[in-house]
Amino acid sequence: ESKIAISFNRKVIFTDTKDIIYIETSGRGCMIHTRTGGYAENVLIGDYEKRLSHLGFFRIHKSYLVNMKHIRKISSYAVILDTGESLPVPRLKFRAVREAFTAYKGAW
């Protein structure tokens with residue numbers, strides 16, 4: 001079980017990485033979407049990508065880093081999350097996302 005510190009409203013919140021559904025770019029930082037809500041943080045998505053890629057997070061789009069645990073399925077140029085949300089996958093990245101998802105699911 002891995003925890004990550006998120007700076008939010010002048011506080012530091014520790015959350016389990018398994019509870020992070022996805023992270024998206026927002027202004028000069030990013031928005032971290034969790035089971036309990038969203039947290040805006042002034043950290044670049046690339047920094048999260050470096051910190052979380054070994055924990056099953058995959059950059060599906062320049063603006064989205066997704067926790068593979070929360071992908072329900074991959075449809076035509078989108079990933080469908082277990083929350084019902086759909087996030088876009090660029091055509092040029094679709095194959096890599098599908099292969100990473102297949103490899104991740106196979107590792108279970």
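Predicted model: local features only at pLDDT ≥ 70, side-chain atom pairs only at ≥ 80, totals over all residues.
Glu24 lies in strand β3, which spans residues 20-26. Glu24 is buried and yet has no salt bridge, and the nearest side chain of opposite charge, that of Arg59, is 11 Å away.

When neighbours within four places in sequence are left aside, the residues in contact with Glu24 are Gly29, Cys30, Met31, His33, Ile45, Ser63 and Tyr64.

Strands β3 and β4 pair in the antiparallel sense over 6 bridges, with Ser26 having Gly29 of β4 as its bridge partner. The two strands form a hairpin with 2 residues between them, and in the turn Gly27 has a positive phi of about 60°.

On to the next pairing: β4 and β5 also run antiparallel, joined by 5 bridges, and Thr34 stands opposite Gly37 in β5. Here too there is a hairpin, with 2 residues between β4 and β5. Because 5 of the 6 residues of β4 are buried, this strand is largely enclosed by the rest of the structure.

## Helix α1

In helix α1, which covers residues 45-52, the buried residues are Ile45, Tyr48 and Leu52. Seen down the axis of α1, these buried residues fall within an arc of 55°, and they therefore line one face of the helix. The buried residues of α1 pack against several strands, namely β1, β3, β4, β5, β6 and β7; one of these residues, Ile45, is also in contact with Glu24.

Definitions and conventions:
Residues numbered from 1 in each chain as written. Heavy atoms only, no water. Helix = DSSP H or I, 4+ residues; strand = E, 2+ residues; numbered from the N terminus. Buried < 20%, exposed > 50% of the residue type's maximum accessible area, 1.4 Å probe, protein only. Lys, Arg positive; Asp, Glu negative; His and termini not counted. Salt bridge = Lys/Arg side-chain N within 4 Å of Asp/Glu carboxyl O. Contact = heavy atoms within 4.5 Å. Arc of directions from axis to C-beta. Pairing = 2+ DSSP bridges.
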